[in-house]
Amino acid sequence: MADQSFVTLATNDSYVKGALVLGSSLQHHRTIKKLTVLITPQVSAPMRKVLEKVFDEVLLVDVLDSGDSAHLALMKRPELGVTLTKLHCWELTQYSKCVFMDADTMVLSNIDELFEKEELSAAPDPGWPDCFNSGVFVYRPSIETYNHLLQLATEKGSFDGGDQGLLNTFFSSWATTDINKHLPFIYNLSSISLYSYLPAFKAFGSNAKVVHFLGRMKPWNYTYDSKTKSIRGDTSDPTMVHPEFLNMWWHTFITNILPLLEQHGIVKDATTGVKAEEVTEAVSHMSLSAAAPTSPPCPPPAESSEERKERWEQGQADYMGADSFDNIKKKLDTYLQ
Amino acid sequence: MPLVRSLSMTSLNGLPQWEDEDLPVEDLLLFEVAWEVTNKVGGIYTVIQTKAKITTDEWGENYFLIGPYFEHNVKTQVEVCEPLNPAIKKAVDTLKGQGCQVFFGRWLIEGSPYVILFDIGSAAWNLDRWKGEFWDACNIGIPFNDREANDALIFGSLTAWFFKELTSQFDDKPNLIAHFHEWQAGAGLILSRFRKLPVATVFTTHATLLGRYLCAASIDFYNKLDQFDIDKEAGEREIYHRYCMERASVHCAHVFTTVSQITAIEAEHMLKRKADVVTPNGLNIKKFSAMHEFQNLHAMYKARIQEFVRGHFYGHLDFNLARTLFFFIAGRYEYSNKGADLFLEALSRLNFLLRVHRSDVTVVVFFIMPAKTNNFNVETLKGQAVRKQLWDTAQCVKEKFGKKLYDALLKGEIPDLNKILDRDDVTIMKRAIFSTQRQSLPPVTTHNMIDDSNDPILSTIRRIGLFNNRTDRVKVILHPEFLSSTSPLLPMDYEDFVRGCHLGVFPSYYEPWGYTPAECTVMGIPSVTTNLSGFGCFMQEHVADPAAYGIYIVDRRYRSPDESCNQLTQFLYGFCQQSRRQRIIQRNRTERLSDLLDWRYLGRYYMHARHLALSRTFPDKFEMEPNAPPKTEGFRYPRPSSVPPSPSVSQHSSPHHSEDEDEDERYDEDEEAERDRQNIKSPLSLGVLPQRKKKQHGEYRN
């Protein structure tokens, strides 16, 4: 149906990778709905081209440029930047109904049946089940709703500083009124449930239709070894207890997305068998250019010290480049006699 | 074929004989910083704990250990008190005033040194700020998901802060020396240098992070040492930040030391700095007042192991326990790093040799390597129960027998031996014997292994087929848990177990120091080690004929794995061919090497490192002869004048065990021991052995 669409949002090149995997997984499971992605100006030009290969519509949202009420809202509440971008999805009135999905989600089977649900349908949040998680939700685009949301954002803000708080305040009857608007948890299975309720995960995890990689470590932050087809990582990381989903994410990325990135010259040629080192290197360089959401899209500027530190803390030190020990040594030698 | 009888005396380069001037310890404060102070997580605990005695003897009240606070450790090992030194007290109070928990007390070990323990959790709220400071100091960031590295940073920041509070109270003296162990303590060193604190720093690497990883990855490590792109290797293994912390600490230290020659070579390539001093690890040697007490202990604990073996092999006890040798390997379960792979292969060859030569010697090999288990297995427990039952039956019959005999003798009769046991007794005995029949082979492992099918030791045993068959002369028992005197199976402590064994086998590929063979040595138990272990290098350097002294050194550095395996097999086979008397003599010699490993001697390397650090940090106050390379006279253990009791296989094409044969062996324990003592105590009295051929320093150090 042409008037229904899946919608996602990418605010930088790292999240584009997530969006691409999401779009690719939807296609793989033969959705008949449209695919739409909202992007911000931080997404680089080559990445936009790649997005166009996967998505039917790529829409640039620039809250600062809009000059409308959203801009005004942002002036009052600058901390709500990304949230206000996300609210733009209500402006897609070319569609009668949409399913919004975060870029850090991935579908495991066809979920077109979600379009039978009404606004606002969503799955409970694992941290506070009386709130819904705004990673996956069904809604009807409407300028009226959009304006009401903006108004609420301006007047009251969001209790958690993000879109989830705002939407839960707005659709506050979700928890109690209509059970039909409660999507089963398998439509938004967050990786947290692995360690918060492992037995349930073992019993029902295999039915999952959508996984949501919550938390600071996103799938693209891990290192994937294409020889063993598995994630390399610290076993103390609780999500590594069941790395199947991460491996699945990476498998999709390597098979469907990486060739596209190569075609557009974002990643060096790796057609003759994918070498893990090259891929991870290329990928970490990509996240390098994407680490700064406020920087102009392309070319990536020299990183600030703070950004470099942040990257170390993500386990993504550029050990073959700026962070090599020779550079560390030079730093040390400035104060050693 | 005649035995090769070499009576030549060979002297090797021994301990350095530099004359360090005594440091004015009253004007100095010495701190030793390590994550394992009062906190037993690995081998460094042993180093620090055993060394404390000689260090407090030298430094008295001016010696402090700095470590992390863990409630359980403090409750069991530390007597909390107030610092007597006012400056220390002030610095501690400052940290406490800022909301960080600091504990001061005496560590209840030999020497009872002072400890300063920082509660990492209580200071964790500073983490973000300290990460920023550390970034400013060295441009190294720490991933938020590496808890250990974050703890190490908090620990280091607290240490450097403490030093700052302390040194700000002093003008000219006292001067501070801080000795840091391993990367977990290294952040404190880096930050102290960054803040230009007047502290002389020493950093000791016990094993490099990257070396351990690379060795475990079964790469031909030692032959490729100079070819690694180390930044890349560390980055790919996701230990880049740890590796950087370690390497930055090494780079910042005034003096850098490693625990052995082999680790010095490793560090030169993995950390890109030559060690200034090699500081070998010692032990606190327990001296028995009675001569050869260790031999009595060996006999006593051997009997305990024999009891266990009787139970474990019930129904299969067709071998002579008096001619059974106990070998063991023990340590962390690192299959190839600890050389378990080589050992198993050699055992398979040894089994073959013993069978072909129809030897009556049986070898029972224990693998004491903890793995994940679900407790003891039923078959093993049953074995011990059966043994107990037979013992009880024998006791019971003996009692009745004794009573009847006594009654008969009282009556003045010789009892009728056919009637002295009645039918009931015979039935009891028959029943007991029936219960010892077993359908299965004696189990290879004593526990239910969680990952039985993938366990590397068990997989290898399956492949080489060492299943404890009757025909096998080599029997294998995997005990995947540390020993304990409260175990229902083998109720012995590790030390007692070692004493009861005949040979410890540690053919490690990666072993920066190697306390296990060292512990064997001080208990008078011979052991196998390698020239890739710190201990093996040390012994090779100081003992002319190590095998005669019960230190068999397998060459794993310059030989192929197959050649190393053959060499190990020969050592083992040679050991099996020794007579009881030869083994006793060998144990006596082994035990005499203890003095070499005593901290009282080895501690001087640490003194030298400290002196060197002071002279580099405060050159105008502490002088040291500029390039006074440690002179290398010292102890030398010559080849024993009697026959080395370690014949190699080729010399025995046929078995011969006659005890008479040893009679011609000239062995005078007292004379030999006296000479060894001379060699240690007065290394410079060269006149005693005039024909000694001197070797150049470094000749044995390829």
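Entry 1: I began with β5(A), which is joined by 3 bridges to strand β9 (residues 210-212) of chain A, the two running antiparallel. Within this pair, M106(A) has V211(A) in β9(A) opposite to it. I noted what the names mean: helices (H or I, at least four residues) and strands (E, at least two) are DSSP runs, numbered from the N terminus. Two strands count as paired if DSSP finds at least two bridges between them.

The model is predicted, so local features need pLDDT of at least 70 and side-chain atom pairs count only at pLDDT 80 or more, while totals for chains, interfaces and linings use all residues. Residues are numbered from 1 along each chain as its sequence is written, chains are lettered from A and ligands numbered from 1 in the order in which they are written, and side-chain values use heavy atoms, with hydrogens and water left out.

Entry 2: Contact here means heavy atoms within 4.5 Å. Axes are lines fitted to C-alpha atoms, for helices over the stretch in contact, and angles run from 0 to 180 degrees between N-to-C directions.

**Entry 3: chain A as a whole.** I counted elements next: chain A has 13 helices and 11 strands. Of its 337 residues, 53% are buried. The cut-offs are under 20% relative accessible area for buried, over 50% for exposed, and partly exposed in between (1.4 Å probe, protein chains only). The accessible surface of chain A is about 15100 Å², and 54% of this belongs to carbon and sulfur atoms. Such areas come from the Shrake-Rupley method with a 1.4 Å probe; for residues, only the protein chains shown count as cover. I also checked contacts in chain A between residues at least 6 apart in sequence: 68% of them join residues at least 24 apart.

Entry 4: Is strand β1 (residues 4-10) of chain A mostly covered or mostly open? It is mostly covered, with 7 of its 7 residues buried. I sorted the residues of β1(A) by face: Q4(A), F6(A), T8(A) and A10(A) lie on one side, S5(A), V7(A) and L9(A) on the other, and all are buried. β1(A) is joined by 6 bridges to the parallel strand β2 (residues 34-39) of chain A, where A10(A) has I39(A) as its bridge partner. β1(A) also pairs in the parallel sense with strand β4 (residues 97-101) of chain A, over 4 bridges. There F6(A) stands opposite V99(A).

I then moved to β4(A), where 5 of 5 residues are buried. K97(A), V99(A) and M101(A) are on one side of β4(A), with C98(A) and F100(A) on the other. The antiparallel strand β7 (residues 132-139) of chain A is joined to β4(A) by 4 bridges, and V99(A) stands opposite V138(A) in β7(A).

**Entry 5: a sheet in chain B.** In what order do the 6 strands of the open sheet in chain B stand? The order is β14-β11-β10-β15-β16-β17, with parallel pairing. The edge strands are β14 (474-479) and β17 (551-554) of chain B, each pairing on one side only. From one strand to the next, the twist averages 25 degrees.

I looked at one pair: strand β16 (residues 527-530) of chain B and β17(B) are parallel over 4 bridges. V528(B) faces Y552(B) of β17(B) across this pairing. Helix α18 (residues 534-542) of chain B packs on the sheet, touching β16 and β17 of chain B, and its direction makes about 115 degrees with that of β17(B). Helix α19 (residues 561-577) of chain B lies across β10 (324-330), β11 (362-368), β15 (503-505), β16 and β17 of chain B, at about 160 degrees to β17(B).

**Entry 6: T529(B).** T529(B) is in strand β16 of chain B. T529(B) counts as buried because its relative accessible area is 0%. Leaving out residues up to four places away in sequence, T529(B) touches several residues, including F506(B), P517(B), F535(B) and I553(B).

**Entry 7: L405(B).** L405(B) is in helix α13 (residues 378-410) of chain B. L405(B) counts as partly exposed because its relative accessibility is 30%.
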